[in-house]
Amino acid sequence: MRIVFAGTPDVAVASLQALIDSPAHEVVGVITRPDAVSGRGRTVSRSPVGLLADEYGLSVITPRRLAEPDVADTLRAWAPDCGAVVAYGGLVPPALLDLPEHGWINLHFSVLPAWRGAAPVQAAIAAGDEVTGASTFRLEKGLDTGPVYGVLTETIAPADTSGALLERLSVAGAGLLVRTLDGIADGELTPTPQPPDGISHAPKIEVDDARVRWELPAHIVERLIRAYTPAPGAWTSLGDNRIKLGPVTVADDDPNAPDALDPGAVAVTKKAVYVGTGSVPVRLGTTQPPGKKPMPAADWARGARLSDGTTLK
């Protein structure tokens, strides 16, 4: 089939590569988000999907909104049989949904109808789910409500961050996407409506949402920090400074940990930094003060001259 691909970040790259490598499909065009300005030098950066498309000489458009009239004109010129969407970062407007003969197939990183929305992997880790996965479904007007073509499952490991889990799902999901498009092309695959039970939602996570709430129980704090690693990045405040945090360890079996600390209160040893929560303390892993690279918490504590009685907020 002739495929138009819409995607933007690293997690979409494996899917685009799999479609490029597939002998059964031709990528006739790529849609990705506009080049972004980032870093202290305000460097203009191409999206990871855009960079891969450029490498293969594919036609690329970077509209701010897919509702722009030029997008529909370009799609008609590309004449795709089907659209494939992986973490594009914008909604396909109703006017474009039926433009390809077989519609738009979205690779979503959850087992639908669980965790519809922008941050399904983060939500699964934060909720303490033991299993998640990926689904391919046909886009319709509702948010992630369309009928499902295929599903795979993936175990969430105890130490998984959202970044590590997404990396595995992006590779496995690329295979699922290609198999789905193969089945559609062969006329052997029809979608199944999502069940009405088991629906949950995973809205986009903003930076302010990733602030650690030390009053929560330790196992919740630990899960949330893993869920927000690497993006948007868990953080806490020391005075006026925002400190980014890597994954932490619940210190219930740590003989060197204090028996109890008030939420946010710090206890410092030569090799560790403990912080109180709503239950038992946690041991910090890596920390990143403003303008610095990530470092072990004990090194940060020495440089910041932290002492018992310091409180993180």
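About 780 Å² is buried between domain 1 and domain 2. Carbon and sulfur atoms give 53% of that area. The model is predicted. On the side of domain 1, three residues lose the most area to domain 2: Ile 125, Ala 126 and Thr 161. Together they account for 45% of what that side buries.

The two parts follow the domain assignment of the protein. Domain 1 covers residues 2-202, and domain 2 covers residues 207-304. The contact draws 13 residues from domain 1 and 11 residues from domain 2. Taken over C-alpha atoms, the centres of domain 1 and domain 2 lie 34 Å apart.

Polar contacts and salt bridges were then examined across the interface. Polar contact links 7 residue pairs across the interface of domain 1 and domain 2, with both residues of each pair at pLDDT 80 or more. Salt bridges are absent by the rule applied, with 0 found between domain 1 and domain 2.

Two elements give two or more residues to the side of domain 1 that touches domain 2. These are helix 5, residues 120-127, and helix 6, residues 162-186. Helix 5 provides the largest share of this side, with 4 residues. By class, the side of domain 1 that touches domain 2 holds 6 nonpolar residues, 5 polar residues and 2 charged residues.

Key: Residues numbered from 1 in each chain as written. Predicted model: local features only at pLDDT ≥ 70, side-chain atom pairs only at ≥ 80, totals over all residues. Heavy atoms only, no water. Domains from an automatic or database assignment. Contact = heavy atoms within 4.5 Å. Buried area = accessible area lost by both parts, 1.4 Å probe. Salt bridge = Lys/Arg side-chain N within 4 Å of Asp/Glu carboxyl O. Polar contact = N/O pair within 3.5 Å; in protein donor to acceptor, adjacent residues only side chain to side chain. Nonpolar A, V, L, I, M, F, W, Y, C, P; charged D, E, K, R; others polar.
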